[in-house]
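Subject: Structure handover

Hi,

Here is the structure for you to look over. My notes follow below it.

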Amino acid sequence: MHCGLVFVLFMGFLLVLEAFKNDKCGGNIRISSPSYLTSPGYPISYPPTQRCVWVISAPGPHQRILINFNPHFDLEDRECKYDYVEVRDGVDENGQLVGKYCGKIAPSAVVSSGNQLFIKFVSDYETHGAGFSIRYEIFKTEYSRI
Ligand SMILES: [Ca+2]
C-alpha cells in the first residue's frame, strides 16, 4: 500500500522532470527529429537576469533549419532594451542578425541559410513575461532531400 503511494509519487516526479527537460538556459542542440526549446520557466514566467545561448545545428552540411515560434509569446516590451530573444543566422554573435524580438507578438518563422542557428535570450532584473517556445526542425525542400 505504502509502496504503491511512493511509486505514484515517483512517477509524478518523473513526469514533472519530463515536462521541464526543454527548459534549460541554453545549450548545443543537434537536430535529430523536430523538437522545441523554451525560455526557462515557460509558459509561466522567466526568471530575472538570464542570458541563455542556444546553437542549433543540422547534421548535414547542406541542411537548413526551420524554426517556428509558439503564438504564446511574451517578453517585456520596452523596445527590446531589457528583455529580448535574438536570432542570428550562424554559429555565434557574429552571425547575421535575423531579428531581435520582444513584446507579445510571436515572430514569424525563420529559415537558416546554413546548417546552424544562434539564439540568445536575455532578461534584466525586473519585469518578466511568460517567455517563448521555439519548435525547430530540418527545413525540407526537394533539394535538401537528396
Ligand atoms: Ca525584464
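First, a definition: rings of Phe, Tyr and Trp (its six-membered ring) pair if their centres lie within 6.5 Å, with planes under 30 degrees apart counted as stacked, over 60 as edge-to-face and the rest as tilted. By that rule, ring pairs link Tyr46, Trp54, Phe69, Phe73, Tyr101, Phe121 and Phe132 into a cluster.

Two notes on the source. This is a predicted model, where local features need pLDDT of at least 70 and side-chain atom pairs count only at pLDDT 80 or more, while totals for chains, interfaces and linings use all residues. Residues are numbered from 1 along each chain as its sequence is written, and side-chain values use heavy atoms, with hydrogens and water left out.

**Overall**

From the N terminus, the order is α-β-β-β-β-β-β-β-β-β. Of its 146 residues, 43% count as buried (under 20% relative accessible area; exposed is over 50%, partly exposed in between; 1.4 Å probe, protein chains only). Take contacts (heavy atoms within 4.5 Å) between residues at least 6 apart in sequence: 77% join residues at least 24 apart.

**Aromatic pairs**

The whole structure holds six aromatic pairs. Tyrosine 46 and phenylalanine 121 are edge-to-face, at 5.1 Å centre to centre and 75° between the planes. This pair links distant parts of the chain, 75 residues apart. Tyrosine 46 is in the loop between β2 (35-38) and β3 (51-57), and phenylalanine 121 is in strand β8 (residues 116-122). Both residues are buried.

Phenylalanine 121 also pairs with phenylalanine 132: the ring centres are 5.5 Å apart and the planes are at 70°, so this pair is edge-to-face. Phenylalanine 132 sits in the loop between β8 and β9 (133-138). Phenylalanine 132 counts as buried because its relative accessibility is 0%.

**Sheet**

Which order do the strands take in the open sheet of four? It is β2-β9-β4-β7, with antiparallel pairing (two strands pair if DSSP finds at least two bridges between them). β2 and β7 (110-111) stand at the edges with a single partner strand each, so one side of each has no neighbour in the sheet. Five bridges join β4 (residues 65-69) to β9. Among the residues of this sheet, asparagine 68 has arginine 135 in β9 as its bridge partner.

Best wishes

Definitions and conventions: Helix = DSSP H or I, 4+ residues; strand = E, 2+ residues; numbered from the N terminus.
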